[in-house]
Every structure is written in structure tokens, then in C-alpha cells.
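Please keep the sequence and the structure in view while reading.

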Amino acid sequence: MGIYKEEAIVLRSMPYGEADRILTLFTRGAGKVAAIAKGVRKPSSRLRGAVQLFSHTHLVLYGGKTLDTITQGDSDETFSFIEQDLDKLAAASCFAELVDRLTMERQPQPKLFQLLLTAMRTLEGSDPELLGRVFETKLLAALGYRPQFEGCVMEHHDDRQVLQPGGTAADPVWFSIESGGVLCPACAANCPGALTLSPPTVAALAYFLRSPLDRAVRVRIERRSRLELASLLHSFICYHGDVRPRSWQFTR
Ligand SMILES: [Zn+2]
């Protein structure tokens, strides 16, 4: 691989040996990369500022067998507001942990890189809890698990009236985490794991999916829907991604 340059966000950072750090980087062009920053814990290290946890940085790396070596670095954004606010720190930890756990090494996912970068930038001026829900929804879509809200998710019939199944827009909507979308009442009756969502929750998810992240996070959502969104998205990620990030226990 030789020497290469990459734009990266630092997902994880662990002290190693006397003065080194082993980092998990999420890069724009090469996906997730494990790298070592040698001597970075010495006060005199020039790399120190370039590889801080969560920072957005431009690096020069040298490809190795298991670990690449960072030879130069220049940080663009350190997001220093994150360490001054526990809720924001918890949210950033969640974003980084989800990207780390749900991606494979060296598989470029530039859309996911942009989503993570935008989420880190948006975190400064927004509600970290709501941003978490928007990020999780968009993360699912970026990974190919976009929840379906149009028509019944079961493909054997064509039911375009799912959101108002013979009733009003105030009726709860059936949803299947396993099938990844809304169900008509007939299919819900045959689906043991089907759950109901309130219409504002479904509307919020659809809005998150179709709006840019920085606009989606400005929507007003009632407490009940927020709880429903958190429960649904976390179950969805556990089921389809097979992970339960440790950092969820620190977020609301
Ligand atoms: Zn159906």
C-alpha cells in the first residue's frame, strides 16, 4: 500500500506501549482503518493535536500488515465542545461506537463518512438526544436497512392505505422490526413480533429520512414519541446490526 493520504475521524484511541496510541480511524476514502501513532503521548509529539479522539483530521499514513502507521497529521476540527458537555460526549461516543461496530475494515463508505462528520458538526448547536435518533435513522438507511413506511412491507399484496387502515390518521401503525417496515392489519395479525407505533413517531422517522440532518434535528417531538423512537431504533439496530453499543447506557 505504501504511503497514502486520508481524511479521517478518530473513532477510538487506546494507549499502547510507553508513548504510542492505537487508533481506529474512519476515513473518507478507505473506510475503517486501524493505525498506530508512535510517540504521540510524548509532550513533544507533533502528531498530538492531529489524532485526538473524535477529531476530523488529515493524515499521511504508511500501510502495514495489520496496523498502518501515521507519519504526519493536521487536524481540521477538534470538536472541543464535546468534552465540555456530558450529554454531547455520550452522543459522540455513540456515533463513533455505532460506526465502528457496524462497518468492516477497508470498505470505503463515503456517504457514511459524511453522515458522521455532519453529525459531529451539528452536535454543537443541537439537542444531543434528538440528534442521536436522527443519526441512527440515517445510519440504518446508509447501511441498507432503511425502514419502509410506504405500503405494507410484506410483498405479497399491494396495500397503499397502510397508514390509515380503514380508520383515521390517529390510529396506531403496525410495524415489524424483523421485516423492516409498516404492516397492514391483516399481515400484523400473522406477525407475532409486530408492534404498534403512534402516528407522530412514524411521521418523525419519515421526516428524518427525507430531510438533511441539520434540518431534521430542528423538528419538535413530544416526549412520548421520543421514547418510542429510542426504543424502536435501538431494537432495530440490535436486530439488524447485531450490536448493542455500550455507550447507549450513558444516553437517554
Ligand atoms: Zn400486508
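Two residues are in contact if their C-beta atoms, placed from the backbone, lie within 7 Å. Helices (H or I, at least four residues) and strands (E, at least two) are DSSP runs, numbered from the N terminus. This is a predicted model, in which local features need pLDDT of at least 70 and side-chain atom pairs count only at pLDDT 80 or more, while totals for chains, interfaces and linings use all residues. Residues are numbered from 1 along each chain as its sequence is written.

Q: Which residues of H2 meet H1?
A: On the H1 side, the contact comprises Lys88, Ala91, Ala92, Phe95 and Val99. By class, the residues of this contact divide into nine nonpolar, no polar and one charged; Ala, Val, Leu, Ile, Met, Phe, Trp, Tyr, Cys and Pro count as nonpolar, Asp, Glu, Lys and Arg as charged, and the others, Gly among them, as polar. The H2 partners are Leu112, Leu116, Ala119, Met120 and Leu123.

Q: Are H1 and H2 roughly parallel or roughly antiparallel to each other?
A: The axes of H1 (residues 86-101) and H2 come within 11 Å and cross at roughly 175°. Axes are lines fitted to C-alpha atoms, for helices over the stretch in contact, and angles run from 0 to 180 degrees between N-to-C directions. Angles under 35 degrees count as roughly parallel, over 145 as roughly antiparallel, 65 to 115 as roughly perpendicular and the rest as oblique. H1 and H2 are therefore roughly antiparallel.

Q: At what angle do H2 and H3 pack?
A: Lys111, Leu112, Leu115, Ala119, Thr122 and Leu123 in H2 meet Pro128, Leu131, Phe135, Lys138, Leu139 and Ala142 in H3. This contact has nine nonpolar, one polar and two charged residues. H2 (residues 110-123) and H3 (residues 128-142) have axes 11 Å apart and pack at an angle of about 175°.

Q: In what order do the five strands of the closed barrel run?
A: Two strands pair if DSSP finds at least two bridges between them. E2 (residues 20-27) and E3 pair in the antiparallel sense over seven bridges, whereas E3 (residues 31-37) and E5 (residues 68-77) run parallel and are joined by two bridges. The pairing in the barrel is mixed, and the order is E1-E2-E3-E5-E4.

Q: How many residues lie between E4 and E5 in their hairpin?
A: E4 (residues 56-62) pairs with E5 in the antiparallel sense over seven bridges. Within this pairing, Thr57 stands opposite Ser75 in E5. The number of residues between the two strands of the hairpin is five.

Q: Which residue of E3 stands opposite Ile22?
A: The strands E2 and E3 are antiparallel and share seven bridges. Opposite Ile22, the residue in E3 is Ile36.

Q: Which strands stand at the edges of the three-stranded open sheet?
A: This open sheet has antiparallel pairing and the order E7-E6-E8. Three bridges join E6 (residues 173-176) to E8, and Trp174 stands opposite Thr196 in E8. The edge strands each have a single partner strand, so one side of each is left without a neighbour in the sheet; they are E7 (181-183) and E8 (195-197).

Q: Is Asp242 buried or exposed?
A: Asp242 is found in the segment after H7 (223-241), and its phi is near 55°, a positive value in a residue other than glycine. A residue is buried if 20 or more other C-beta atoms lie within 10 Å of its own, exposed if 12 or fewer, and partly exposed in between, with C-beta atoms placed from the backbone. With 9 other C-beta atoms within 10 Å, Asp242 is exposed.

Q: What is the phi value of Phe79 near?
A: Phe79 lies in the loop between E5 and H1. Phe79 is partly exposed, with 19 other C-beta atoms within 10 Å. Its phi is positive in a residue other than glycine, and the value is near 50°.

Q: How far apart in space are Glu129 and Val182?
A: Glu129 is found in H3 and is partly exposed, with 16 other C-beta atoms within 10 Å. In sequence, Glu129 and Val182 are 53 residues apart. Their separation in space, C-alpha to C-alpha, is 24 Å.

Q: What distance separates the centres of domain 1 and domain 2?
A: The protein is divided into domain 1 (3-78) and domain 2 (130-252), with bounds that come from an automatic or database domain assignment. Taken over C-alpha atoms, the distance between the centres is 36 Å.
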